Amino acid sequence: MEQLLKRARECAEALKKQDEITIVSHVDADGLAAAGIICRALNKMEIGNEIKIVKKLDLPVMQSVSGADAVMFTDLGSGSLDLMDDLGPVCIVADHHQPAGSSEMAFHLNPHLFGYNGATDLSGSGATYLIARALGDNVELSDLAVVGAVGDLQHVREGRLRGVNRLILDEAEKNAIVRAEKDFQAFGRQTRPVHKLLEYASSPFIPGITGNSAQILELLASLNIELKEAGEWKSWVDLSSAERRNIISALIQKCLTEGMPPERVQNLVGEVYTLLKEEPGTVLRDASEYATLLNATARYGFEKIGVDVCLGDRAGSYRKANELLLMHRENLARGLNYVKQTGMTTLSNLQYFHAGDHVFDTIVGIVAGMCKNLEGVDRHLPIIGFANSDDGVKASARGSQSLVERHLNLARAMSDAAHSVGGVGGGHDIAAGATIPEGTEAEFLKNLNELVGQQLS
Ligand code: C5P
Ligand code: C5P
Ligand code: ZN
């Protein structure tokens, strides 16, 4: 930890020397949060800056920033260090993806270089926050670091944030910026009416409850839960803690009697994060809902709107982001339905679906992750989702904690399998992505299946 924080201070020192910095960040919740953090920290010091959000860091992107004095790469960069060697500007990298190539660079902050895991212990926005914190008193930005970590699902593996994330969370809690508590982990605690929250609960699916409004109303009535207050639907956070506890107990009981394995039932409850500086009852009050809102902008080419929200816009851009969120949720539901209907194909060491043009390439990874909870999906095999994209075919892979314990490393497998067919890939042990040339899916799958088999043996 000491070495990691020292590296953060060195990166901060390099930033302080600049008059003008180009920020290049990744097009997802974590990337947007990271860009927001560093931009706000630099603004406070009156250091000029400009934000560029990109899908991936390739040669054209590098060329486009080669005229800058200094470039700060956030939530990406560690996979493209060799491209920075000949770049004119001073380069500073705050990332958490598995590094590729030499790790000699001076201003490179990545948890993997310091014995931490970038899939669980620190996100891109977390790494960026460590630098912001070394620039000055920026504790008010810690909530964005929590949003980024939750957006990358870093809390999922253990049901709570851990590693360096924990240090950031502790700081946020001490300063009354974030509150962490154990609670029901369904999406929409702040904004969905209680019965709707239960109806859409999907990780895990609750037998007899998910998608079953009649049974939900019956259950809530049997527990004497009032659904409305002064004519308005109550959301989960409006319930008393005793009411919440009673509902959770009833749900756990239901899952157990339906024969759900205890380790899955456990997933009903986990740490949730409330952003205390945000308005109660809004999407931004909950880290998971906030992150989904950011993804709803970034994944559809409206990343500027998401960045505005991170920078504090609560008017025009915020309204637009909320509209995009509705569409994003519909797209995810439609994507999940598509997989439900077409099913998965199972090979010896993985299972896959090909969504073609039915799912956007930018959200196929999220859909692949959500599939874990579908009936008929094997929980002991990684899931690969394909979708057509502009530059070939996008592949997204999602594993699980138990597979990683058995040495699954999707970043390596996806990168190697992609290379074998002329594509590129990378990411984390538990979740990775790749882009491959059209028509190479069969060859790619054959190689990936072999590589995963070797890792797991
Ligand atoms: O963009 P990258 O780091 O930036 O994002 C990490 C990805 O890994 C996210 O898409 C997240 O959904 C996925 N992930 C996962 N399960 C985990 C941890 C991360 O699907 N347990
Ligand atoms: O795109 P997807 O959500 O499947 O990405 C999962 C993880 O793999 C993300 O952290 C993403 O940044 C990473 N990734 C990568 N190289 C690629 C594609 C995805 O490092 N070519
Ligand atoms: Zn990230």
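The shell around ligand 1 holds 3 nonpolar, 4 polar and 4 charged residues. This is a predicted model. The surrounding residues are H26, D28, D75, H96, H97, D152, L153, R398, H428, I430 and A431. Domain 1 (2-171) and domain 3 (343-456) each supply at least three residues of that shell.

Polar side-chain atoms of several residues approach oxygen atoms of the ligand; the table gives the distances.

| Residue | Distance from a polar side-chain atom to an oxygen atom of ligand 1 |
|---|---|
| D28 | 2.8 Å |
| H428 | 2.6 Å |

How much of the accessible area of ligand 1 does the protein cover? On its own, ligand 1 has 460 Å² of accessible area, and the protein covers 89% of that.

Now the domains. The protein is divided into domain 1 (2-171), domain 2 (184-302 + 324-333) and domain 3 (343-456). The C-alpha centres of domain 2 and domain 3 are 29 Å apart. Between these two domains, 11 residues of domain 2 are in contact with 9 residues of domain 3.

Interface size is often quoted as the accessible area lost when the parts come together. Domain 2 and domain 3 bury about 900 Å² between them. Carbon and sulfur atoms account for 64% of that area. On the domain 2 side, R264, R299 and L332 lose the most area to domain 3. Together they make up 55% of what that side buries.

Key: Residues are numbered from 1 along each chain as its sequence is written. Chains are lettered from A and ligands numbered from 1 in the order in which they are written. This is a predicted model: local features need pLDDT of at least 70, side-chain atom pairs count only at pLDDT 80 or more; totals for chains, interfaces and linings use all residues. Side-chain values use heavy atoms; hydrogens and water are left out. A residue is near a molecule or strand if one of its heavy atoms lies within 4 Å of it. A polar contact is a pair of N or O atoms within 3.5 Å; within protein, one must be able to donate a hydrogen and the other to accept it, and residues adjacent in sequence count only if both atoms are side-chain atoms. Accessible areas come from the Shrake-Rupley method with a 1.4 Å probe; for residues, only the protein chains shown count as cover. Ala, Val, Leu, Ile, Met, Phe, Trp, Tyr, Cys and Pro count as nonpolar, Asp, Glu, Lys and Arg as charged, and the others, Gly among them, as polar. Domain bounds come from an automatic or database domain assignment. Contact means heavy atoms within 4.5 Å. Buried area is the accessible area (1.4 Å probe) that two parts lose on being put together, summed over both.
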